[in-house]
Amino acid sequence: MIEKILYKSLNYFFPILCGMCGREDFRSVRSGLCGICSRQTSGIWRKKGCPTCSGKTMDGVCDYCTSRNVFFTEARYLRERTDLLAEVLNKIKSRYEYPLSLFLSIGAKTALQSWGNRGIDACLLLPNSSPGRFGSFSLRPFSPIRELLSIAEKTLGLPRIDPLFKKSRSRQAGKSYADRFFHARSAWEIRPSWQGRCPSKLLLLDDVFTTGASVNEASRILLENGTKEVYILTYLRTIE
Ligand SMILES: [Zn+2]
Ligand SMILES: [Zn+2]
């Protein structure tokens with residue numbers, strides 16, 4: 001990736017400071033976040049909890065999966081969302097703090113490799129309606145999800161497809177918990193060229209799994225159009 005080379009050479013002349021507090025240490029140089037700040041984040045998630053959504057279970061029962069129709073095969077996240085990590089995401093979006101997305105991506109390769117034998121055909125991003133919307137090559141310069149996409153393409157050798165488009169112009173973020181479910185119902189649609197011909201196994205990438213309403217609805221649409229299995233990977237997940 002161009003930005004990685006650029007980042008490395010810039011790093012040589014201008015050491016990368018922590019994107020959150022401005023300190024410089026060996027960690028900020030490598031991942032955009034200094035040691036002190038990264039200790040305030042949650043650790044990398046290791047397989048436990050619900051085998052489907054990776055959420056918390058009580059006596060083996062997952063509240064999330066038993067309280068709704070789940071359309072995806074498996075959802076994983078890299079870290080539990082904390083206030084600091086939510087701010088990290090915001091900084092990448094609002095101030096283009098690209099190095100911070102290196103921090104968020106730690107663990108992505110391992111998570112993806114564990115799906116290496118599932119025969120996933122292609123990957124896609126959840127289309128979003130913010131300015132410079134995701135279309136082919138219209139990703140914002142330092143969209144947080146861009147690094148995750150590049151790791152997925154490299155690790156699993158997946159092509160990227162773009163079968164969904166955003167119908168509703170409003171965003172999920174900022175909506176109440178209940179509103180998210182209603183909004184998600186009508187947010188996306190299948191592109192005519194993909195109608196009934198989506199690949200069998202897909203990897204869907206997004207930045208945060210909050211209520212999961214978005215990725216679940218997107219999975220439902222994909223399943224209606226020929227897909228059999230949807231795997232979801234997000235940087236963060238909100239754990240109640
Ligand atoms: Zn820091
Ligand atoms: Zn579950």
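These exercises walk through a predicted protein model, each with a worked solution.

Residues are numbered from 1 along each chain as its sequence is written, and chains are lettered from A and ligands numbered from 1 in the order in which they are written. Because this is a predicted model, local features need pLDDT of at least 70 and side-chain atom pairs count only at pLDDT 80 or more, while totals for chains, interfaces and linings use all residues.

**Exercise 1. The whole chain**

Find how many helices and strands the protein chain has, and what share of its residues is buried.

Solution. 
- Step 1: use the rule for elements. Helices (H or I, at least four residues) and strands (E, at least two) are DSSP runs, numbered from the N terminus.
- Step 2: count them. The protein chain has ten helices and eight strands.
- Step 3: use the rule for burial. A residue is buried if 20 or more other C-beta atoms lie within 10 Å of its own, exposed if 12 or fewer, and partly exposed in between; C-beta atoms are placed from the backbone.
- Step 4: apply it. Of the 240 residues, 36% count as buried.
- Step 5: turn to contacts. Two residues are in contact if their C-beta atoms, placed from the backbone, lie within 7 Å. Among contacts with a separation of 6 or more, 72% link residues 24 or more positions apart.

**Exercise 2. The sides of helix 5**

Decide which residues of helix 5 are buried, and what covers them.

Solution. 
- Step 1: check the length. Helix 5 (residues 83-95) has 13 residues and reaches 17 Å between its end C-alpha atoms, close to the expected 18 Å. The expected span is 1.5 Å times one less than the number of residues.
- Step 2: list the buried residues. They are Leu85, Val88, Leu89 and Ile92.
- Step 3: compare directions. These residues cover an arc of only 95° around the axis, which puts them on the same side of helix 5. The arc is that of the directions from the helix axis to the C-beta atoms.
- Step 4: turn to the other face. Away from the buried side sit the exposed residues Asp83, Ser94 and Arg95.
- Step 5: find the cover. It includes strand 3 (74-80), helix 6 (98-104), strand 7 (201-209) and strand 8 (229-237).
- Step 6: look past the end. Just after helix 5, Tyr96 takes a positive phi of about 55°.

**Exercise 3. Strand 7 and its partners**

Find in which sense strand 7 pairs with strand 4, and over how many bridges.

Solution. 
- Step 1: apply the rule. Two strands pair if DSSP finds at least two bridges between them.
- Step 2: take strand 4. It pairs with strand 7 in the parallel sense over four bridges.
- Step 3: name partners. Ala122 is bridged to Leu202, and Leu125 to Leu205.
- Step 4: take strand 8. Eight bridges join strand 7 to strand 8, and the two run parallel. Phe209 stands opposite Arg237.
- Step 5: check burial. Eight of the nine residues of strand 7 are buried. In strand 4 (residues 122-125), Ala122 and Leu124 on one side and Cys123 and Leu125 on the other are all buried.

**Exercise 4. Two residues**

Is Tyr77 buried or exposed? Is Leu102 buried or partly exposed?

Solution. 
- Step 1: locate them. Tyr77 is in strand 3, and Leu102 is in helix 6.
- Step 2: count neighbours. Tyr77 is buried, with 25 other C-beta atoms within 10 Å. Leu102 is partly exposed, with 17 other C-beta atoms within 10 Å.
- Step 3: look along the chain. Tyr77 and Trp45 are 32 residues apart in sequence, and their C-alpha atoms are 7.0 Å apart. Leu102 and Gly32 are 70 residues apart along the chain, with C-alpha atoms separated by 6.8 Å.
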